[in-house]
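Here is a quick tour for anyone meeting this structure for the first time. Have a look at the sequence and the model, then read on.

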Amino acid sequence: MRSSSAKSATAETARTAMQAAMTGHLVFSTLHSRDTVGALFRLLDLGVEPYLVASGLQVILAQRLVRKLCPSCKKPVRPTGQQIEKMAAAGDVKKIYEPVGCPRCLGTGFAGRRCVFELLNMNDSLRDITMRAPSLPDIQRALIDTQLHQPAAKRLPAGGRGITSFTEVDRAVGV
């Protein structure tokens, strides 16, 4: 568990970074959260004032690693109805791929990794909501209204090209 002095130092660092961003400095930082919206709330939870978050943030980039299917043993399968529904934005996906396992991949069905990114550009609507100490539904409504945010399983043709499996995308980025 974190001590209160370590927590206050983290909050002070976050506030200082946001103040520097507001004065025109280019600030890159890492923050642990599940996704881009989580990073926004993490800054607010650290005690950074909503006006600093709204004014100082330009872009949030979240990244996740997914395991790549082994090219030697991946097998094509027909997606289930539920998988098709979750991949609706990826188009008409007729087949996806699943891991099998072979000597080349040591029986795992996977070989290597690939990065999946989620980018959130702060716009006027998100800034207005952030200034009012937002709730998760407030942010989700703003993202749906501006079509900035879709579940990752809809954006990524999960396994449709055989890069990774639907299950792996769901495990790494959720729906």
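Which residues have the most contacts inside the largest nonpolar core? They are Leu40, Val53, Leu57, Leu126 and Ile139, in a core of 21 residues. A nonpolar core here is a set of buried Ala, Val, Leu, Ile, Met, Phe, Trp, Tyr and Cys residues joined through side-chain atoms within 4.5 Å. Buried means under 20% relative accessible area, exposed means over 50%, and partly exposed is in between (1.4 Å probe, protein chains only).

Before going further, a word on the model: it is predicted, so local features need pLDDT of at least 70 and side-chain atom pairs count only at pLDDT 80 or more, while totals for chains, interfaces and linings use all residues. Residues are numbered from 1 along each chain as its sequence is written, and side-chain values use heavy atoms, with hydrogens and water left out.

At least two of its residues come from each of helix 1 (4-22), helix 2 (36-45), helix 3 (50-56), helix 5 (124-131) and helix 6 (136-146). Helix 2 gives the largest share, six residues. Helices (H or I, at least four residues) and strands (E, at least two) are DSSP runs, numbered from the N terminus. Another core, of five residues, lies apart from this one and includes Val77, Met87, Val93 and Phe166.

Now zoom in on Ile139. If you skip its neighbours within four places in sequence, Ile139 is in contact (heavy atoms within 4.5 Å) with Val37, Leu40, Phe41, Leu126, Ile129, Thr130 and Pro134. Leu143 sits in helix 6 and is buried, at 1% relative accessibility. From Leu143 to Asn123 it's 20 residues in sequence and 9.8 Å in space, C-alpha to C-alpha.

How many salt bridges does the structure hold? There are two, counting a side-chain nitrogen of Lys or Arg within 4 Å of a carboxyl oxygen of Asp or Glu.

| Salt bridge | Closest N to O |
|---|---|
| Glu168 and Arg67 | 2.9 Å |

Arg171 and Glu168 are three residues apart in helix 8, so about one helical turn separates them. Through shared partners, the salt bridges join Arg67, Glu168 and Arg171 into one network. Glu168 is buried, at 1% relative accessible area, whereas Arg67 is partly exposed at 29% and Arg171 is partly exposed at 48%.
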